[in-house]
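Me: Please take a close look at one helix pair for me. Then carry on to whatever else in the model connects with that pair or stands apart.

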Amino acid sequence: MKRKTILLVVVLSLLMVVGIWEYFKDLNQEKSTPYGALEVATSKGQGTVSSNDVYVLSKIITGEARGESYLGQVAVGAVIVNRARNANFPNSVYGVVFEPGAFDAISDGQYYSAPTAASVRAARSAINGWDPTGGALYYWNPVTATSRWIWSRPIISRIGRHVFAR
Amino acid sequence: MKLRKKWLYLLVPVILLGGIIGTAVWGYQEMGTRQKLQNRAESQYQKAFYELTAHLDNITGQLAQILVTSSREQATLTLATIWRQVFAAQANIGSLPLALVPLAQTEKFLDNTNVLSSFLLSQTAQGEGGLSENNIKTLENLYQRSQDITNNLNKLGAKILNNELSWTQVETAAYASDRDLEDNTIIDGFKLVEKKMEGYPELNLGDDFAPVEQQTKKITGEEEISTQDAGGKVLRWWFKDPDKHRAVLNHEGGGDIPTYGFEIAPLEKETGPVYIDISKLDGTIIWAMKARPVDVSELELVEGEKKAQAFLENHDYLDFVAVKSHQEDNMGVYTFVPRQGEVLLYPDQVKLEVALDNGEIIGFEATPYYMFHRAREIPVAEISAENLNSFISQRLKVEVVRPALIVNTWGKEALTWEVRGSFDEEKFAIFYNAETGIEESIVRITPTPEFTFKVEG
């Protein structure tokens with residue numbers, strides 16, 4: 001009896017060590033997604049773009065407005081486009097999106113996965129001038145936002161889980 | 001028998017110990033990698049900050065130079081340098097983790113300098129000599145502000161060096177609550193810069209710069225229609241069978257135009273929800289979107305344009321001319337403008353998205369038309385179409401010439417001759433001022449190259 005329990009304990013602890021090792025290995029791989037790994041993502045459709053802006057915008061929309069309606073996605077895109085056209089922010093979609101600390105999806109790496117087909121359409125609409133927010137420059141989720149300063153901005157609209165402000 | 005048991009009792013803790021040591025080694029390696037990445041981020045921030053300080057220092061010096069120079073060549077070169085340095089300084093600010101620090105006035109100063117220097121540059125290039133009294137005054141004001149910012153940034157730079165402050169700490173603080181942000185020396189340094197800028201009076205760049213807001217219709221007033229009326233209007237405007245659909249109030253817009261935003265769910269055989277925004281003031285539909293995928297193209301771009309034109313006519317947008325049409329994926333995007341007489345009114349745009357699988361309208365955007373359209377007093381063109389030829393470059397192969405009202409680089413409306421032409425593979429639309437013949441604007445309309453990328457489901 002004792003021999004069997006000891007054997008069981010040995011096997012279990014071996015499995016545990018191997019399991020921990022595998023887990024950490026996977027964790028490493030997930031964080032460093034090289035560009036080539038894009039082929040691994042499921043892609044039922046293909047998007048054709050005529051400029052980098054739509055691509056960058058669609059990725060940030062996918063990362064920031066996950067689970068939002070199409071309207072909410074266009075709204076997020078419109079805020080970024082409004083910023084690019086505003087003198088107080090960087091002058092391009094690239095510049096706005098990669099401003100350090102500006103978007104959670106960049107900081108936590110969600111940006112680096114493939115965009116959804118809906119977000120590509122939303123990005124195109126936003127760049128072409130559709131703006132459900134009426135000129136907003138900021139948005140945040142009132143439930144999860146931690147910055148106190150952002151609440152000083154005048155709120156002009158609320159779509160889905162985000163409020164939009166000037 | 002007993003020996004074997006002892007050996008087994010040793011095995012388990014040895015394996016577990018091995019696991020712990022393995023984890024510790026891995027953790028140490030990870031820490032090393034993380035430290036390297038943090039160092040790299042830190043050095044990029046440091047570089048951006050020092051470049052910012054250097055650029056502002058240069059701008060201050062150049063502004064002083066332009067106030068004392070009497071040579072036109074020197075003035076032109078100095079203005080060009082200021083313009084370039086301001087652009088670089090703006091980029092530097094965009095690379096620092098200052099997203100949550102309000103820097104509106106500082107950015108406004110940079111923007112004012114940018115606008116004024118490029119305007120003066122274009123004037124100098126056109127041969128209009130000398131700076132006016134007003135310009136000199138404005139440049140002096142800008143010089144004072146620039147000096148102030150440079151001084152403060154230099155002080156902050158000294159503090160950063162003396163106390164070995166870290167930018168990555170600023171970044172981490174920015175992700176946490178901003179209680180930490182308030183105690184951060186670097187953030188305080190920038191807040192001081194901003195505070196000093198707020199202390200200066202608002203700068204008026206002069207009459208040459210008319211902000212476009214001054215020319216919009218007043219979008220204020222008593223709210224006139226109720227939610228119910230709005231819902232009914234929206235349904236009747238979009239659907240052939242309005243009674244079968246239901247409009248649900250989704251959001252209220254308090255931006256440029258006060259609006260009700262409705263969402264209409266699709267019926268059984270229909271696609272995607274339709275979102276429509278309607279003005280609270282007079283019940284005009286501002287924009288509409290239908291959310292549905294478009295997987296194939298059956299129609300040509302021009303056929304889509306016809307559908308778009310038909311839609312406009314059915315909704316009382318009569319006598320509109322298509323000025324831009326391009327295809328994106330399987331969607332045709334068209335920009336239409338109205339006419340006053342023969343003159344195309346570019347500021348009063350309406351845009352449409354047409355699904356090229358069945359010609360259905362899936363997007364309508366009329367915010368600029370709603371905000372800017374009005375009966376205007378358009379002067380008679382001083383330069384006739386025939387005389388225009390002397391202003392056009394020989395290298396341009398002209399295709400179309402027509403009168404157009406546009407908003408110029410400085411935000412002012414101007415009557416122009418629109419000349420569409422090509423040079424080699426490049427297509428252009430050039431707008432010549434109808435009074436002076438000066439090129440107000442060149443727009444390159446060559447279709448941009450496409451690349452495909454993978455998309456998730």
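Reply: A crossing is left-handed if the near helix is turned anticlockwise from the far one by less than a right angle, and right-handed if clockwise. Helix 2 of chain A passes helix 6 of chain A in a right-handed crossing. Here helices (H or I, at least four residues) and strands (E, at least two) are DSSP runs, numbered from the N terminus.

This is a predicted model, where local features need pLDDT of at least 70 and side-chain atom pairs count only at pLDDT 80 or more, while totals for chains, interfaces and linings use all residues. Residues are numbered from 1 along each chain as its sequence is written, with chains lettered from A and ligands numbered from 1 in the order in which they are written.

Now the geometry. Helix 2 of chain A spans residues 52–64, and helix 6 of chain A spans residues 117–127. Their axes (lines fitted to C-alpha atoms over the stretch in contact) lie 8 Å apart. The angle is about 120°, on a scale from 0 to 180 degrees between N-to-C directions. The two helices are therefore oblique to each other: under 35 degrees is roughly parallel, over 145 roughly antiparallel, 65 to 115 roughly perpendicular, and the rest oblique.

Which residues meet? Helix 2 of chain A brings Asp53(A), Val54(A), Leu57(A), Ser58(A), Ile61(A) and Thr62(A). Helix 6 of chain A answers with Ser119(A), Val120(A), Ala122(A), Ala123(A), Arg124(A), Ala126(A) and Ile127(A). Contact means C-beta atoms, placed from the backbone, within 7 Å.

Leu57(A) and Ala126(A) matter again for the largest nonpolar core, of 92 residues. Such a core is a set of buried Ala, Val, Leu, Ile, Met, Phe, Trp, Tyr and Cys residues joined through C-beta atoms within 7 Å. Buried means 20 or more other C-beta atoms within 10 Å, exposed 12 or fewer, partly exposed in between. Leu57(A), Val74(A), Ala126(A), Phe164(A), Met289(B) and Val354(B) touch the most other members. Helix 3 of chain A (residues 70–84) gives the most, with nine residues. Apart from this core lies another, of 32 residues, including Leu52(B) and Ile187(B).

Val354(B) has contacts beyond four places in sequence, among them Gly304(B), Met331(B), Tyr334(B) and Ile362(B).

Two chain B loop residues stand out for their backbone. Glu164(B), between helix 4 (133–163) and helix 5 (167–175), has a positive phi near 50°. Asp316(B), between helix 9 (301–314) and strand 5 (320–328), has a positive phi near 70°. Glu164(B) counts as exposed, with 7 C-beta neighbours inside 10 Å. Asp316(B) is exposed too, with 6.

How values were computed
Two residues are in contact if their C-beta atoms, placed from the backbone, lie within 7 Å.
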